[in-house]
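Here's a quick briefing to read with the structure open beside you.

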Amino acid sequence: MKKALITGMSGFVGHYLKIALELKGYLVYGTCLPGEAYEKFPQYYAMNLLDNAQVISVIKDCQPDEIYHLAGQSSVALSWSKPALTMNINVNGTINLLEAIKEFCPKTKVLIVGSSDEYGPVKKEDCPVNEEHQLNPVSPYGISKMTQEKIAQIYAKAYGLNVLMVRPFNHIGAMQAKGFVVSDFASKVAAIEKGEMEPVVKVGNLHSYRDFTNVEDVVEAYTLLLDKGVSGEVYNVGSGKAVEIQEVLNTLVNMSNKHITVEIDEQLYRPVDVPVVVCDNTKLKQVTGWEPKKDLKNTLLETLNYWRNN
Ligand code: GDD
């Protein structure tokens, strides 16, 4: 039985990836932060990426065939208020992990999760962007993910580690935490329906365009890539279609029978925002045959229903 280790398995994507790998017959282990309730579960190791000794001990003990590196600071919004923390976890944390892999399980296949935020602002006429497009990140988060990716490439080239990199575009679904646009909007609509807040949704920039993919399709791409992808290569993961954030808001508000008004909140604007980004997923499709299965409207409804029930 093949063994997989998911760093950050207690997070949004980790939850779905664990299920997908178990369905494929893997023995799945994961990490959570020390102190999280998950650490009591037998499949979890408590591990802080910044604690080198902990990272070494997990890798030595687990000896996985595959590692999916999801752990990190994943919010673009938070990276503006916590830039040093974002760089530290995403860059130094990944270095600690790669060093441990190099020493204790150099044959393990590793997937490093970057972000479409590495591209930064892209001209409309250059969309969809493929992997060759210049990287020009404009948020601390985007810079941390670009740096993480460059370091992973060095470990693949210099030490021959079996490392693949992905640049996922926006992924959404039930259980995603607040701090990301769909969860922020859906949680507010649900709170209004429950009478927990005034019927006013405060929002930030509604005029950016994002390429949203259901998280289940994203984790399917990850597992296919680790099986069929080429070490040292980078792969975009996204649907190939972008929608304006205004449209996402309208769809969620229209799913409610409450009369909801929308208010722009300057506090929710970012110092710099990426206006538009669309994924060219040709390389992913050619290598794996991947196709997204879940549509945006149903995914928005699933996310809203999650907040209605929680
Ligand atoms: N979070 C949030 N909350 N964003 C809002 C809001 C709000 O209330 N109102 C408008 N927005 C706008 C943001 O300004 C941005 O233009 C867009 O909605 C999407 O914001 P996020 O959902 O925070 O996503 P992101 O594109 O910045 O980053 C996400 O996608 C990356 C891949 O492109 C994150 O999931 C990253 O982890 C991921 O790497």
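Predicted model: local features only at pLDDT ≥ 70, side-chain atom pairs only at ≥ 80, totals over all residues.

**Around the ligand**
- The ligand is surrounded by 22 residues, and the closest are Ser74, Ser115, Ser116, Arg270 and Asp273.
- Helix α6 (residues 181-193) gives the largest share of that shell, with three residues.

- Ser208 puts a polar side-chain atom 2.6 Å from an oxygen atom of the ligand.
- For Asp184, a polar side-chain atom sits 2.8 Å from a nitrogen atom of the ligand.
- In the side chain of Asn170, an N or O atom is 3.0 Å from an oxygen atom of the ligand.
- On its own the ligand would expose 710 Å², and the protein buries 95% of that.

**The chain as a whole**
- The protein chain has ten helices and 13 strands.
- Its radius of gyration is 19 Å, close to the 19 Å that the globule rule gives for 310 residues, so the chain is as compact as a globular protein of that length.
- Along the principal axes, the C-alpha atoms fill a box of roughly 60 × 45 × 40 Å.

**Burial and surface**
- Of the 310 residues in the protein chain, 50% count as buried.
- The chain's accessible surface is about 13,900 Å², with 52% of it belonging to carbon and sulfur atoms.

Definitions and conventions. Residues numbered from 1 in each chain as written. Heavy atoms only, no water. Near = heavy atom within 4 Å. Polar contact = N/O pair within 3.5 Å; in protein donor to acceptor, adjacent residues only side chain to side chain. Areas by Shrake-Rupley, 256 points an atom, 1.4 Å probe, with all protein chains shown as cover. Helix = DSSP H or I, 4+ residues; strand = E, 2+ residues; numbered from the N terminus. Rg over C-alpha atoms; globule rule 2.2 N^0.38 Å. Buried < 20%, exposed > 50% of the residue type's maximum accessible area, 1.4 Å probe, protein only.
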